Amino acid sequence: MAEMLAVSEAQRGYILRLTLPDLEPAGFVRCGVSPGRLAACGDLFCADRSESAVYRLCGRALELAGAFPVAPETESLAAHGERLFVLSGGANSLQTLNARTGELLGSAAMGVYPRALSLLPDGRTLAVACGTDCRVALADAETLSLRGSWPVGGIACGVTLFAGLLYALCAEGEYDLRTIVGYIDERGAFHPQIALPGLPGTMAACGGGLLVGHLGNLTMLDAPNCRIRWQTKTRGLPTQLVPFNRFAVFADETDGQVGLIDLRRGRIYRRAQCDCPAGLAVI
């Protein structure tokens with residue numbers, strides 16, 4: 001069965017289903033009050049922006065199968081196997097839940113208004129961008145015990161593993177913000193590699209490079225020097241990225257659009273209008 005894209009529309013309270021790669025409408029379901037971040041691992045999980053809850057939805061029809069209480073203001077979700085990971089900006093915490101029952105398995109303090117969560121390829125380690133604490137951290141996915149925490153060059157907005165190194169996406173400056181991308185070396189020192197214009201949005205390792213969303217642009221960086229491979233103008237701030245084959249899907253909450261960009265050439269292949277797209281997941 002062909003994969004589809006789930007998009008949460010925060011203002012209308014819907015989760016849309018769009019075809020891939022054409023981004024054609026294929027139905028919708030109502031979910032909660034203000035659906036936000038999404039994660040998929042067999043089932044689809046949706047965090048509600050207005051209520052401290054995560055919804056579990058099953059099958060292609062996205063039938064509601066459960067509602068789990070979580071800490072407020074979910075900034076990021078990740079799912080792996082039987083576990084669901086919830087990063088709370090309101091409670092400055094990282095939680096892990098049983099993905100089927102919603103049972104709380106653990107909770108740990110994590111930064112100051114943490115922004116982003118990434119499950120590393122080993123499936124056993126979580127990387128966290130710790131927000132205004134200006135740090136990134138690694139935590140054990142089973143116990144949530146901290147494996148390390150390192151200062152970076154500004155507000156930590158994203159984190160991912162790229163070319164064998166832990167990379168951070170940071171906001172630098174007080175009034176005229178710019179986007180800084182850099183890595184943590186083996187001694188725990190942060191090395192900024194490139195400054196990009198505008199507010200940072202999101203970052204993902206895909207297409208053999210590091211794709212960065214920042215105000216007005218999507219920029220693909222090569223490893224290991226972070227030189228710009230291509231840069232494509234967008235209409236607003238890309239805040240979500242999901243790799244899909246030779247493409248990446250991006251969500252622009254400020255402009256109300258979802259798009260599909262070719263990772264080789266940087267050409268936007270498709271766009272779809274959405275009302276405040278707050279979450280993306282391939283299902």
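These legends describe close-up views of one predicted model. Local features need pLDDT of at least 70 and side-chain atom pairs pLDDT 80 or more, while totals for chains, interfaces and linings use all residues. Residues are numbered from 1 along each chain as its sequence is written, and side-chain values use heavy atoms, without hydrogens and water.

View 1. Strands (E, at least two residues) and helices (H or I, at least four) are DSSP runs, numbered from the N terminus. The C-alpha trace spans about 45 × 40 × 35 Å along its principal axes. Of the 283 residues, 58% count as buried, meaning under 20% relative accessible area with a 1.4 Å probe, protein chains only.

**View 2. Four strands form an open sheet.** The order is β8-β9-β10-β11, with antiparallel pairing. Strands pair if DSSP finds at least two bridges between them. β8 (74-80) and β11 (104-109) stand at the edges with a single partner each, so one side of each has no neighbour in the sheet.

**View 3. β8 meets β9.** Six bridges join β8 to β9 (residues 83-88). Histidine 80 stands opposite arginine 83 in β9.

**View 4. The largest nonpolar core has 17 residues.** Such a core is a set of buried Ala, Val, Leu, Ile, Met, Phe, Trp, Tyr and Cys residues joined through side-chain atoms within 4.5 Å. Leu5, Val7 and Leu280 are among those with the most contacts inside it. Elements giving two or more residues include β1 (4-9) and β26 (257-262).

**View 5. A second, separate core has 16 residues.** Among them are Ala127, Val152, Ile184 and Phe190.

Note on methods. Buried means under 20% relative accessible area, exposed over 50%, partly exposed in between (1.4 Å probe, protein chains only).
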